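This briefing is meant to be read beside the sequence and the coordinates. Its points are grouped by topic so that each can be checked in turn.

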Amino acid sequence: MDFSKLFSLEGRIALVTGGSRGIGKMIVEGLLAAGAEKVYIVARKKEQVDATSAELGDKVIGLVGDLSQMDGIQALADELSSREDRLDLLVNNAGAAWGEPFEDFSEAGWAKTMDLNLKTPFFLTQKLLPLLKAAASAERPAKVLMIASIDGMKSNPWPTYPYQASKAGLIHLTRRMAAELIQHGIVVNGIGPGAFPSDMNRAARDNADKVERGIPSHRVGVTEDMAGGAIYLLSRAGDYVVGTTIPIDGGVVNANIGAGNFVDPSGE
């Protein structure tokens with residue numbers, strides 16, 4: 001075993017959905033640092049895709065697409081298949097959140113969130129299966145990484161009902177798809193991000209000093225945290241981890257003792 005290459009992604013071809021900003025961009029930066037040969041990113045807004053591709057260099061190839069509908073999913077699969085004969089790494093990161101009061105929650109908000117967060121990862125992986133199979137071998141499996149959320153592992157007080165439900169569903173879907181695809185030499189795992197600054201998590205971006213008070217590690221996440229988790233699961237180091245979603249959250253899920261669930265043994 002050459003331990004110097006345990007976390008290497010040298011020679012890998014990757015696709016990161018929603019890779020132009022936020023957590024997706026953090027993962028792209030990690031893939032590049034680990035030596036990925038080529039990283040495709042896809043998002044809806046061309047200006048963001050172009051800006052990120054220009055910023056991160058020639059190994060990043062930007063594609064524009066709307067993955068919320070089946071025709072957009074198929075179009076991306078067709079475009080990638082026209083460019084590559086294999087896909088080593090697929091990161092299903094694109095997602096949406098929607099919040100409204102319970103009494104007023106709209107079907108449009110529900111459908112948009114559930115489709116992009118849960119339907120899209122399933123069908124995009126399905127459409128890209130031939131490319132993933134072409135890359136997979138016993139010695140070097142192909143990898144699929146689902147980006148879930150700690151909101152799928154625990155409840156939060158915000159009225160983002162389909163977001164929380166879709167992320168919980170994605171965690172279970174990760175287990176089921178892992179069981180299906182491991183027979184083809186494709187390893188499926190997930191990450192459950194906590195508070196990382198992004199356009200979706202504006203609280204962590206704009207009010208980190210307040211957010212970190214509820215985090216056992218006393219800080220919000222940074223690029224190295226997200227990139228490190230992704231590299232671990234996507235590299236040789238994570239080959240024997242199958243169907244697992246790892247929270248990367250500073251301890252919120254597993255090390256957080258809040259007022260609502262802590263009983264003082266003194267009775268005070």
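Predicted model: local features only at pLDDT ≥ 70, side-chain atom pairs only at ≥ 80, totals over all residues.

**Nonpolar cores**

- The largest nonpolar core has 34 residues, and the members that touch the most others are Leu 15, Leu 87, Leu 90, Leu 128 and Ile 186.
- At least two residues of this core come from each of the strands β1 (13–17), β2 (38–43), β5 (142–147) and β6 (186–193), and likewise from each of the helices α3 (70–83), α4 (107–127), α5 (129–135) and α6 (161–181); the greatest contribution is that of α6, which gives six residues.
- As general background, nonpolar side chains in soluble globular proteins tend to be buried together.

**Helix α9**

- Helix α9 covers residues 223–234, twelve in number, and the 16 Å from its first C-alpha to its last is close to the 16 Å expected at 1.5 Å a residue.
- The buried residues in α9 are Met 226, Ala 227, Gly 229, Ala 230, Ile 231, Leu 233 and Leu 234.
- Those buried residues pack against the helix α1 (22–33) and against the strands β4 (89–92), β5, β6 and β7 (245–248).

**Cavity and pocket**

- There is one cavity of 30 Å³ or more, and the volume of the largest cavity is about 30 Å³.
- Its lining is made up of Lys 143, Val 144, Leu 145, Val 187, Val 188, Asn 189, Leu 233 and Leu 234, with β5, β6 and α9 each supplying at least two of the lining residues.
- By class, six residues of the cavity lining are nonpolar, one is polar and one is charged.
- The lining of the second largest pocket contains six charged residues and one polar residue, with no nonpolar residue.

**Single residues**

- Phe 122 belongs to helix α4, and it counts as partly exposed because its relative accessibility is 32%, which lies between the 20% and 50% cut-offs.
- Apart from neighbours within four places in sequence, Phe 122 is in contact with Leu 173 and Met 177; the C-alpha atom of Phe 122 is separated by 23 Å from that of Lys 154, which is 32 residues apart from Phe 122 along the chain.
- Thr 245 lies in strand β7 and is buried, with a relative accessible area of 14%.
- With neighbours within four places in sequence left aside, the contacts of Thr 245 are Ala 148, Met 153, Ile 171, Thr 174, Gly 190, Ile 191 and Gly 192.
- His 218 is situated in the loop between α8 (208–211) and α9, and although His 218 is not a glycine, its phi is positive, at about 60°.
- In general, most residues other than glycine have a negative phi.
- His 218 counts as exposed, since its relative accessibility of 58% is over the 50% cut-off.

Terms used. Residues numbered from 1 in each chain as written. Heavy atoms only, no water. Core = buried A, V, L, I, M, F, W, Y, C linked by side-chain atoms within 4.5 Å. Buried < 20%, exposed > 50% of the residue type's maximum accessible area, 1.4 Å probe, protein only. Helix = DSSP H or I, 4+ residues; strand = E, 2+ residues; numbered from the N terminus. Expected span 1.5 Å × (residues − 1). Contact = heavy atoms within 4.5 Å. Nonpolar A, V, L, I, M, F, W, Y, C, P; charged D, E, K, R; others polar. 1 Å grid on protein atoms, 1.4 Å probe; cavity = no way out; pocket = protein on both sides within 12 Å on 5 of 7 lines; lining within 4 Å. Points joined across faces, edges and corners; volume = space filled by probe spheres on them.
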